[in-house]
Amino acid sequence: MEKDQGRNSSKNHKKYGLLLMVCVLVFLGVLLTGCFALGYHGVGAPGPTVPVKTEAPKEPQTPPEKQQSPVESLQQPKEDQKETAQPAAQQPLEPGKKYSILVDKSEHKLYLKDGDAVVRTWGCAIGKGGLGQKERRGDNMTPTGTFTIDEIDDASGWSHDFGDGNGEIQGAYGPWFLSLDTEELSQGNWDGIGIHGTHDPASIGTDASEGCVRLDNTNLQQLKQVAYIGMPVTIQD
């Protein structure tokens, strides 16, 4: 009887031992399954690779264009207006405007000016005496200084003998004679200086006159349209 009880007790121990072992194995299996599910692969094994987010290099940003206000857009000249604006030398002359004249003897040029702007440039002839100041009657010098026009005379019927052996020349002064007031400079010792046309277009650009300033007749006609009594005329070497 005691032997049967011992055998039964031994069988029960073995049974409980096997059951315990099975439980341990099941526990270990569950534990390992959880570890694998969490990414654990054993001691020293690396965990799951986490991708590193890299940012693309930022491109330099171009500052936005400044928006013009309506006032600024009206004040700024348009491109087509710039292109169509005429240079001063190509703008039509305006009778009644207060132009002035500059004669440069060394350049043989007459400049018609509107303020500081040159609106016309014409070749001219000056006195045969060349550069320098006029001092006396008959020295063939064109005076230098600032004068005013005191007369505008129709010279189309005038004639003159230049003493060159060609006798009296009709139309020697062209269509107009713009007389200059030189009284202050001459103190009455000489006069008769003016701007006029010529019978000899080839003389323009040379030292050819007896002291007056000669223009080509066509250019003189343009000048006469805007000439006025009191118009300032500066003559320089």
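Accessible areas here come from the Shrake-Rupley method with a 1.4 Å probe, and for residues only the protein chains shown count as cover. On that basis the protein has about 16100 Å² of accessible surface, 54% of it belonging to carbon and sulfur atoms. Keep in mind that this is a predicted model: local features need pLDDT of at least 70 and side-chain atom pairs count only at pLDDT 80 or more, while totals for chains, interfaces and linings use all residues. Residues are numbered from 1 along each chain as its sequence is written, and side-chain values use heavy atoms, with hydrogens and water left out.

**Overall build**

- You'll find five helices and eleven strands in the protein; these are DSSP runs numbered from the N terminus, with helices (H or I) of at least four residues and strands (E) of at least two.
- Of the 237 residues, 29% are buried (under 20% relative accessible area, with exposed meaning over 50% and partly exposed in between, using a 1.4 Å probe and protein chains only).
- Take the contacts (heavy atoms within 4.5 Å) with a separation of 6 or more: 58% of them join residues 24 or more positions apart.

**The nonpolar cores**

- A nonpolar core is a set of buried Ala, Val, Leu, Ile, Met, Phe, Trp, Tyr and Cys residues joined through side-chain atoms within 4.5 Å.
- The largest one has 28 residues, and those with the most contacts inside it include Ile-101, Leu-110, Leu-112 and Met-231.
- Among the elements giving two or more residues to this core are strand S1 (100–104), strand S3 (117–127) and helix H5 (217–226), and S3 gives the most, with four.
- Apart from it lies another core of seven residues, including Ala-155, Ile-169 and Cys-212.

**Aromatic rings**

- There are three aromatic pairs: rings of Phe, Tyr and Trp (its six-membered ring) pair if their centres lie within 6.5 Å, and planes under 30 degrees apart count as stacked, over 60 as edge-to-face and the rest as tilted.
- Trp-158 and Tyr-173 have ring centres 5.7 Å apart and planes at 80 degrees, so they're edge-to-face.
- Trp-158 is partly exposed at 32% relative accessibility, while Tyr-173 is buried at 15%.
- Trp-158 also pairs with Phe-177, with centres 5.5 Å apart and planes at 40 degrees, so this pair is tilted.
- Ring pairs link Trp-158, Tyr-173 and Phe-177 into a cluster.

**Charges over rings**

- Lys-98 lies over the face of Tyr-228, 4.3 Å from the ring centre (the rule asks for NZ of Lys or CZ of Arg within 6 Å of the ring centre and within 35 degrees of the ring normal).
- Lys-134 has its charged end over the ring of Trp-190, 5.5 Å from the centre.
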